[in-house]
Amino acid sequence: MQINSLSDVCGAEVVGLDCGGGMDPEQFQAVRSAFNAHSVLIFRDQHLTPDQHTAFSKRWGDINGHILTQYLLPGYPELLVVSNKKDENGEPVGIEDAGRYWHTDVSYEAVPPMGSLLYGLEVPPDGGDTLFASQYRAYDNLPQDLKDRVAGLKAHHRFNYTQIQTEDGSARKPLTEEQKKQLVGAVHPIVRTHPDTGRKALYVNPGFTDRIVDMDEGESQKLLDALFGYATDDAVVYRHKWHVRDLVFWDNRCLMHHATPYPADSIRHMNRTTVAGSIPV
Ligand code: OGA
Ligand code: MN
């Protein structure tokens with residue numbers, strides 16, 4: 001097994017590990033420390049069944065389902081399908097427009113996931129890259145007065161599904177009443193400390209963070225916009241260009257990510273598991 005850094009911001013590839021074959025304790029420790037060092041790991045050339053994908057994901061924690069149950073792989077409630085394929089009735093088999101904006105997965109829940117593992121079964125020749133932004137770097141780059149200002153502040157996160165669903169070209173269906181009831185939103189610290197590395201990271205994202213708690217709305221928007229500028233600065237971004245059969249494991253506690261578009265006549269088909277996390281502090 002070899003681990004090669006792909007950028008000095010975040011991202012490393014792991015070559016020569018069969019994630020379907022499991023890991024011995026030494027390999028597990030090596031992968032774990034690489035994950036903490038690089039925040040996103042790309043396991044190349046994987047040949048995984050849905051069960052193997054899930055089993056590998058479980059090495060890192062419990063698996064979360066997803067509120068959008070209509071996009072779970074039939075028979076595999078732990079796998080979310082991210083795809084532009086259609087079934088025989090012309091219905092989408094997965095979320096086609098997943099994460100086309102800067103976000104951190106599921107930050108609108110009280111206990112958001114530690115990581116996500118996205119497996120590229122079919123990838124377009126051009127486009128459809130995934131961008132990752134290091135929120136350690138974003139925090140480090142804040143001027144001291146901004147660090148002082150956000151220390152101790154909290155922000156509210158919510159899943160603005162209606163806005164996504166009604167955007168031009170979205171094939172998404174409205175939520176059921178049951179799904180709507182689950183979307184209560186959550187409040188998290190603006191700066192969180194990573195439980196494994198002890199490093200501070202920004203934890204607000206344009207996708208799901210709508211306001212800072214106990215702050216005038218205009219002020220809140222101004223401060224969020226300033227933070228988003230640091231959070232999405234090119235200097236903190238790594239662009240992942242997919243190879244078919246990459247398994248990409250990213251850390252939601254210190255990264256944001258962003259899917260980029262691709263031509264409508266190419267296929268992009270992926271499965272994702274989501275590993276449970278802890279309450280951000
Ligand atoms: C996700 C996501 C990005 C992509 O699956 O959580 O945001 O590039 N996907 O598909
Ligand atoms: Mn995502």
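Which residues are around ligand 1? They are V82, G99, H103, D105, L118, T130, W250, H257, A259, R268 and R272, each with a heavy atom within 4 Å of the ligand.

A quick word on the model: it is predicted, with local features needing pLDDT of at least 70 and side-chain atom pairs counting only at pLDDT 80 or more, while totals for chains, interfaces and linings use all residues. Residues are numbered from 1 along each chain as its sequence is written, and side-chain values use heavy atoms, with hydrogens and water left out.

Let's turn to the metal. H103 (NE2), D105 (OD) and H257 (NE2) coordinate the manganese ion (ligand 2) at 2.1 to 2.2 Å; donors here are N, O and S atoms within 2.8 Å of the metal (3.2 Å for Na, K and Ca), and since water is not among the atoms, sites may look incomplete. Along the chain, the donors are spaced as H-x1-D-x151-H. H103 is in the loop between β6 (76–83) and β7 (115–122) and H257 is in strand β16 (residues 255–259), so this pair ties together parts 154 residues apart in sequence. H103 counts as buried because its relative accessibility is 5%, where buried means under 20% relative accessible area (1.4 Å probe, protein chains only).

| Residue | Distance to an oxygen atom of ligand 1 |
|---|---|
| H103 | 3.1 Å |
| T130 | 2.6 Å |
| R268 | 2.8 Å |

The protein covers 99% of the 290 Å² of accessible area that ligand 1 has on its own, by the Shrake-Rupley method with a 1.4 Å probe.

Notes: Chains are lettered from A and ligands numbered from 1 in the order in which they are written. Helices (H or I, at least four residues) and strands (E, at least two) are DSSP runs, numbered from the N terminus. Buried means under 20% relative accessible area, exposed over 50%, partly exposed in between (1.4 Å probe, protein chains only). A polar contact is a pair of N or O atoms within 3.5 Å; within protein, one must be able to donate a hydrogen and the other to accept it, and residues adjacent in sequence count only if both atoms are side-chain atoms.
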